[in-house]
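Please keep the sequence and the model open while reading.

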Amino acid sequence: MKKILSVNAGSSSLKFQLFLMPEEKVIAKGLIERIGLSESIISIDYLSDGEEKTFKQTKDIANHEEAVDLLFKLFYILSVVKDSSEIKGVGHRVASGGELFPDSVVITDDVVHQIDSLGYLAPLHNPPQAKVIKSFKDMLPDTLMVAVFDTSFHATLPSENYLYSIPYEYYEKYGVRKYGFHGTSHSFVAKRAAELLDRPIEDLKIVTCHLGNGASIAAVDGGRSVDTSMGFTPLAGLTMGTRSGDVDPSILPYLMEKLDLTEVDDMIKILNNKSGLLGLSGISSDMRDVETAAASGNVRAKLALEIFVNRVQKYIGSYIAEMNGADAIVFTAGIGENAPNIRDMIISGLSWFGMTIDTVQNDTRKEAVISTEDSRITVLNVPTNEEIEIARQVERLGARTKISN
Ligand code: ADP
């Protein structure tokens, strides 16, 4: 039995889960928010003598280094961990591994530099993640640290799917290609779907739909990602909470002139932060708000909902075409797991493919087959669990490097 910590750091947050492995039992999980802003919030749910407890505190935390320091202090105070040596491994979610990391990797000082240097592919994520990893390494210098990349699962994309139709030398010289994201989630739910279908993943063609605030779809053929909707950055593909997804790039200079913008970065910010459900509805980036407004007759909210559904349908259809078939469609993440109505809208519009939602089974937020028995393609709801997938990767690499228990 050993404790493995799974860490997911954002630019101003740090999410974590501490597992007892190999049982995969969660013994503590929590979130530190508003790091670097005033009144940071720390909340931890933990087990103490088998009882579930919650700890909450508000205090100023200046940076991620302080957050990591505080986290360990709280672990000791709450007796979640009595000695840091109990933690045998730490897995870090990293947004982009570019082409450098087609798999999870044991973190060395060089790896930290490389993660930081890939910041041009994920500017809001990689640099703070590199900093957090460094803080953890300082705190636990002898502990196995593993980086798990959101891009790695998509390293199997064939070149015809990862290349853009632009001069080839831009790929060779500047690494311009599709990298994809959410790989840990797509991989986890595809594997879980195969288990639920009781069939080897090698025999299955699966379309995985990770529909959260950020959203992407992947075509998983025989367990390997062969295409995905996000691209060089997470801006491409579906309509998202605040991101536009696919647009004609000629819109950029045209709008910059109209909006009197001189910096292309400002235009990209609009596409990243002011578009998607928020920009279309004018109400919110949160699907719950959009659904409520649409139900009460708001025309733009209804339109936002319809566009969201339409883009998901388009990608599912094109991935079925690309794989020349599909055995399963899997829904996951905030919207995918929790919005039966949206799953119904998406699948109902794809009935030509021979998929039919079972409205009774679909009324769930839990792991379930949600299509009818005679549906040609099985539709499933599979809550994602990136944290456990990260902990599993730490175990896998730990076994390889023979880190002692
Ligand atoms: P991320 O991890 O990308 O921030 P999540 O996977 O947590 O995002 O998903 C957030 C999205 O899920 C939000 O748009 C939220 O409105 C949506 N969501 C959560 N619960 C529901 C629900 N019951 N019905 C519809 N949408 C929901």
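## An annotated aspartate and its surroundings

Beyond its neighbours up to four places away in sequence, D150 touches R93, V94, A95, G180, F181, H182, G183 and T184. The model is predicted. D150 sits in the loop between strand 8 (144–149) and helix 4 (159–162). UniProt lists D150 under "active site", in an unreviewed entry.

Is D150 buried or exposed? Its relative accessible area is 5%, so D150 is buried, the cut-off being under 20%.

## Helix 6 against helix 14

Helix 6 covers residues 183–197 and helix 14 covers residues 386–400. By type, the contact residues divide into three nonpolar, three polar and four charged.

How are the two helices oriented? They pack at an angle of about 90°. Angles of 65 to 115 degrees count as roughly perpendicular, and helix 6 and helix 14 are therefore roughly perpendicular to each other.

P383 lies in the loop between strand 14 (378–381) and helix 14. At 25% relative accessibility, P383 counts as partly exposed. Setting aside neighbours within four places in sequence, P383 contacts F188, V189, T332, E337, R365, K366 and E367. K366 is 17 residues from P383 along the chain, and their C-alpha atoms are separated by 6.7 Å.

## Helix 10 against helix 11

M287, V290, E291, A293 and A294 in helix 10 meet A301, K302, A304, L305 and F308 in helix 11. These residues divide into eight nonpolar, no polar and two charged.

The crossing of helix 10 past helix 11 is left-handed.

| Helix pair | Axis separation | Angle |
|---|---|---|
| Helix 6 and helix 14 | 9 Å | about 90° |

How values were computed. Residues are numbered from 1 along each chain as its sequence is written. This is a predicted model: local features need pLDDT of at least 70, side-chain atom pairs count only at pLDDT 80 or more; totals for chains, interfaces and linings use all residues. Side-chain values use heavy atoms; hydrogens and water are left out. A crossing is left-handed if the near helix is turned anticlockwise from the far one by less than a right angle, and right-handed if clockwise. Helices (H or I, at least four residues) and strands (E, at least two) are DSSP runs, numbered from the N terminus. Contact means heavy atoms within 4.5 Å. Ala, Val, Leu, Ile, Met, Phe, Trp, Tyr, Cys and Pro count as nonpolar, Asp, Glu, Lys and Arg as charged, and the others, Gly among them, as polar. Axes are lines fitted to C-alpha atoms, for helices over the stretch in contact, and angles run from 0 to 180 degrees between N-to-C directions. Angles under 35 degrees count as roughly parallel, over 145 as roughly antiparallel, 65 to 115 as roughly perpendicular and the rest as oblique. UniProt positions are given in the numbering used here, feature names are shortened, and annotations may be inferred rather than shown by experiment. Buried means under 20% relative accessible area, exposed over 50%, partly exposed in between (1.4 Å probe, protein chains only).
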